[in-house]
Amino acid sequence: MKVHHLNCGTMLPPASPRMVAHCLLIETGGDLVLVDTGFAVGEDRLARGFTRMVRPTLDPAEAALNRIRELGLDPGDVRHIVLTHLDPDHAGGLRDFPRARVHLHAAELAAAVHPVTAGERRRYLPAQWAHHPDWMTYDDAGEELFGLRARPLEGVDGLALVPLAGHTRGHSGVAVDTGAGWLLHAGDAYYFHGEIGTPPRCPLMLRAAQRAVAVDHAQRLANLARLRELPSRVEVFSAHDALELARHQS
Ligand SMILES: [Zn+2]
């Protein structure tokens, strides 16, 4: 297994550190697996409120499709996509891989397809999956892994979905057994590396933003406490922290 750490969407939110869309491209057994997708090539469907809040640069060169080509690989070989959740900065690239099977938590797909609250109706962008992806959903059942619950993915060796609800209804992390160690893509369980440090710290704007968009703030904080307790052999990282991405790219 070979793992590439990619930035598939830079964002420049006001009064906050630069944010990335940290995605994984995994070469395994002749197939490519993408974890989160960032924004699509030529993304033009974002809501004005979202664009104002996160200020995405929408550079086509950063889109997963072009990042994969840049590596000399064929985007057509992406057979599986694993999503931490369906917010626009994570699911935008789905349409660039219309034949991939898309793995995610069942509660997340339910929230996006049948939003209950005004916040859920506002945050998701159904146009990003109007091509009817081949969804593969999972519930909370699973096995214990580092004090978390992990559900091995169907047909994708070495990867498991780790439910971490709070940011959204079905938000999940993605655990990867690389053979040389464990990675945990924690999605939007936190935005800033200092949040899992000792003592925890986070810029004010990012803290406020996370509280504002969480469907269950208390649950998010409980998950964060569990992430801080992970053994050091698990490399955990957020979807949006530029420093953590740089650490994995060096
Ligand atoms: Zn996000």
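Which helix lies across β5 and β6, and at about what angle to β5 does it run? It is helix α4 (residues 106–113), which lies across β5 (101–105) and β6 and runs at about 95° to β5. Before going on, note that this is a predicted model, in which local features need pLDDT of at least 70, side-chain atom pairs count only at pLDDT 80 or more, and totals for chains, interfaces and linings use all residues. Residues are numbered from 1 along each chain as its sequence is written, and side-chain values use heavy atoms, with hydrogens and water left out.

Helices (H or I, at least four residues) and strands (E, at least two) are DSSP runs, numbered from the N terminus. Two strands pair if DSSP finds at least two bridges between them. Contact means heavy atoms within 4.5 Å. For angles, axes are lines fitted to C-alpha atoms, for helices over the stretch in contact, and the angles run from 0 to 180 degrees between N-to-C directions.

β5 and β6 belong to an open sheet of six strands in the order β1-β2-β3-β4-β5-β6, with mixed pairing. Its edge strands are β1 (2–7) and β6 (134–138), each pairing on one side only. Direction ignored, neighbouring strands of this sheet are turned by 20° against each other on average. Inside the sheet, β2 (residues 22–28) and β3 (residues 31–35) pair in the antiparallel sense over five bridges; leucine 25 has leucine 34 in β3 as its bridge partner. Another helix, α8 (residues 242–249), lies across β1 and β2, running at about 145° to β1.

Next, find strand β9 (residues 159–163). Are its residues buried or exposed? Five of its five residues are buried, a word that means under 20% relative accessible area, with exposed meaning over 50% and partly exposed in between (1.4 Å probe, protein chains only). In a regular strand the side chains alternate between the two faces of the sheet. In β9, Leu159, Leu161 and Pro163 are on one side and Ala160 and Val162 on the other, and both faces are covered. β9 pairs with β8 (residues 148–152) in the antiparallel sense over two bridges, and leucine 161 is the bridge partner of arginine 151. β8 and β9 form a hairpin with six residues between them, and glycine 155 in the turn has a positive phi of about 80°. β9 is also joined to β10 (residues 172–177) by five bridges, again antiparallel; here proline 163 is partnered by serine 172.

Let us move to the metal. The zinc ion has Asp89 (OD), His90 (NE2), Asp188 (OD) and His240 (NE2) as its protein donors, 2.1 to 2.3 Å away. Donors are N, O and S atoms within 2.8 Å of the metal (3.2 Å for Na, K and Ca), and sites may look incomplete because water is not among the atoms. The arrangement is irregular because the four donor atoms subtend angles of 86 to 167°. Aspartate 89 is buried at a relative accessible area of 7%, and histidine 90 is buried at 1%.

Finally, visit arginine 220 in helix α7 (residues 217–228). With 4% relative accessibility, arginine 220 counts as buried. Not counting residues up to four places away in sequence, arginine 220 touches several residues, including Ala165, His167, Tyr190 and Glu195.

Definitions and conventions. Tetrahedral: all angles 85-135°; square planar, octahedral: opposite > 155°, others 65-115°.
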